[in-house]
Amino acid sequence: MKLLAIYFSVILMMTACNNSDLPIKNKALTISKNGEHLYQCGNNVQVKATYYALSDDSLSFVKLALPNEPEITLAQAISASGERYSNESLEWWVTGLEAFAQTRNQDQEWQFMYQNCHAIEKAS
């Protein structure tokens, strides 16, 4: 009886260790480009946004080309509506074909940087 209990314990452990649902540790991630849009914002400003995601969907991000600024990359963050991409000082919000950018002021409160942005074309 004791031998039978040990046998079933070993079989149970081997079955648990052979779970095909476990992630593959050495699988290489790739980045896919999910779209690119040119936005026309208020004050005649244009912003180019290129959207990407990792192959395992663990991360989505956007590269923004803002006027007179170096290109910046923002990770997607949780939002109740639309898509929000953020770092500690800049946010890019997208809902459908509309978007806006906001940045923090000296008091660390969000203020509009670019607003009333409308996708005018898929950028090339």
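1. Arginine 84 and glutamate 91 form a salt bridge, with 2.5 Å between the closest N and O atoms. Both arginine 84 and glutamate 91 are buried. The coordinates come from a predicted model, and the points below should be read with that in mind.

2. The structure has 4 salt bridges. Glutamate 36 takes part in one with lysine 33, where the closest N and O atoms lie 3.6 Å apart. Glutamate 36 also forms a salt bridge with lysine 48, at 3.8 Å between the closest N and O atoms. This second pair links distant parts of the chain: glutamate 36 belongs to strand β1 (residues 31–41) and lysine 48 to strand β2 (residues 45–54), 12 residues apart.

3. Lysine 48, with a relative accessible area of 31%, is partly exposed. Through shared partners, salt bridges join Lys33, Glu36 and Lys48 into one network.

4. The largest nonpolar core consists of 18 residues. Those with the most contacts inside this core are Tyr39, Val47, Tyr51, Val62, Leu64, Trp92 and Tyr114. Two or more residues each come from β1, β2, β3 (60–65), β6 (90–95), β7 (98–104) and β8 (110–122). Which element gives the most to this core? It is β2, with 4 residues. As general background, nonpolar side chains in soluble globular proteins tend to be buried together.

5. Tyrosine 51 deserves a separate entry. Leaving aside residues up to four places away in sequence, tyrosine 51 touches Ser32, Lys33, Asn34, Gly35, His37, Tyr39, Phe61, Val62, Tyr85, Trp92 and Val94. Among these contacts, Tyr39, Val62 and Trp92 are also listed with tyrosine 51 among the residues with the most contacts inside the largest nonpolar core. Lys33, another contact of tyrosine 51, is the residue that forms a salt bridge with glutamate 36 at 3.6 Å.

6. Strand β8 pairs with β1 in the antiparallel sense over 4 bridges. Within this pairing, leucine 38 has glutamate 121 in β8 as its bridge partner.

7. Strand β8 also pairs with β7, again in the antiparallel sense, over 6 bridges. Alanine 101 stands opposite tyrosine 114 in β8; Tyr114 is one of the residues with the most contacts inside the largest nonpolar core. β7 and β8 form a hairpin with 5 residues between them. What is the phi of glutamine 108 in the turn? Glutamine 108 has a positive phi of about 65 degrees.

How values were computed
Residues are numbered from 1 along each chain as its sequence is written. This is a predicted model: local features need pLDDT of at least 70, side-chain atom pairs count only at pLDDT 80 or more; totals for chains, interfaces and linings use all residues. Side-chain values use heavy atoms; hydrogens and water are left out. A salt bridge is a side-chain nitrogen of Lys or Arg within 4 Å of a carboxyl oxygen of Asp or Glu. Buried means under 20% relative accessible area, exposed over 50%, partly exposed in between (1.4 Å probe, protein chains only). A nonpolar core is a set of buried Ala, Val, Leu, Ile, Met, Phe, Trp, Tyr and Cys residues joined through side-chain atoms within 4.5 Å. Contact means heavy atoms within 4.5 Å. Two strands pair if DSSP finds at least two bridges between them.
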